[in-house]
Amino acid sequence: FYANLLCTTLLLVALLGIVSLAHAFTQYRHHQATSTHPPDHPDTLAKAAAIRRNALFVGVYLLTFAYPTVSIKVVELFGCHNVEGTHYLRADYSLECYTSEWTAMAVYASMFLVTYVVGFPLFIGATLWSYRHALRKPC
């Protein structure tokens with residue numbers, strides 16, 4: 001279970017890192033291609049904004065579709081069941097809860113719980129709230 005939790009969460013982080021690197025590389029290539037234009041040229045600014053928008057779209061898309069899998073895996077770590085005085089992990093009854101190994105994983109999972117499981121929906125909600133007037137405009 002612990003290895004699966006680590007793979008699930010670290011894969012998400014690695015994919016986000018790849019998106020960030022692709023964005024940085026694309027920005028760099030764009031900067032190299034437009035080095036003859038002034039930095040405030042409208043075409044240069046529009047292309048840079050489009051690159052940024054695309055990277056943000058891919059990142060949010062990835063975070064949105066990974067959310068159910070990653071959040072369930074993170075929350076499962078905190079589901080312990082008492083069996084004759086010993087607490088076992090409901091997701092894997094071969095693992096005992098409240099041991100040093102479980103505590104280390106709980107600290108790790110807590111970071112994901114706060115930043116991703118709780119923080120990501122709050123970020124999306126706050127973003128939608130900030131655009132609420134634009135979203136309500138009739139077409």
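The structure, a predicted model, holds nine aromatic pairs, where rings of Phe, Tyr and Trp (its six-membered ring) pair if their centres lie within 6.5 Å, and where planes under 30 degrees apart count as stacked, over 60 as edge-to-face and the rest as tilted. One of these is the edge-to-face pair of Phe78 and Trp102, with 6.3 Å centre to centre and 85° between the planes. Because Phe78 lies in the loop between helix 2 (42-76) and strand 1 (80-83), while Trp102 lies in helix 3 (residues 100-130), the pair ties together parts that are 24 residues apart in sequence; helices (H or I, at least four residues) and strands (E, at least two) are DSSP runs, numbered from the N terminus. Phe78 is partly exposed, at a relative accessible area of 33%, whereas Trp102 is buried, at 10% (buried means under 20% relative accessible area, exposed over 50%, and partly exposed in between, with a 1.4 Å probe and protein chains only).

Within helix 3, Tyr108 and Phe112 are four residues apart and so are separated by about one helical turn. Their rings form a tilted pair, 5.6 Å centre to centre and with 55° between the planes. Tyr108 is buried, with a relative accessibility of 16%, and Phe112 is likewise buried, with 12%.

Elsewhere, Phe57, Tyr61 and Phe65 are linked into a cluster by ring pairs.

Residues are numbered from 1 along each chain as its sequence is written, and side-chain values use heavy atoms, with hydrogens and water left out. As this is a predicted model, local features need pLDDT of at least 70 and side-chain atom pairs count only at pLDDT 80 or more, while totals for chains, interfaces and linings use all residues.
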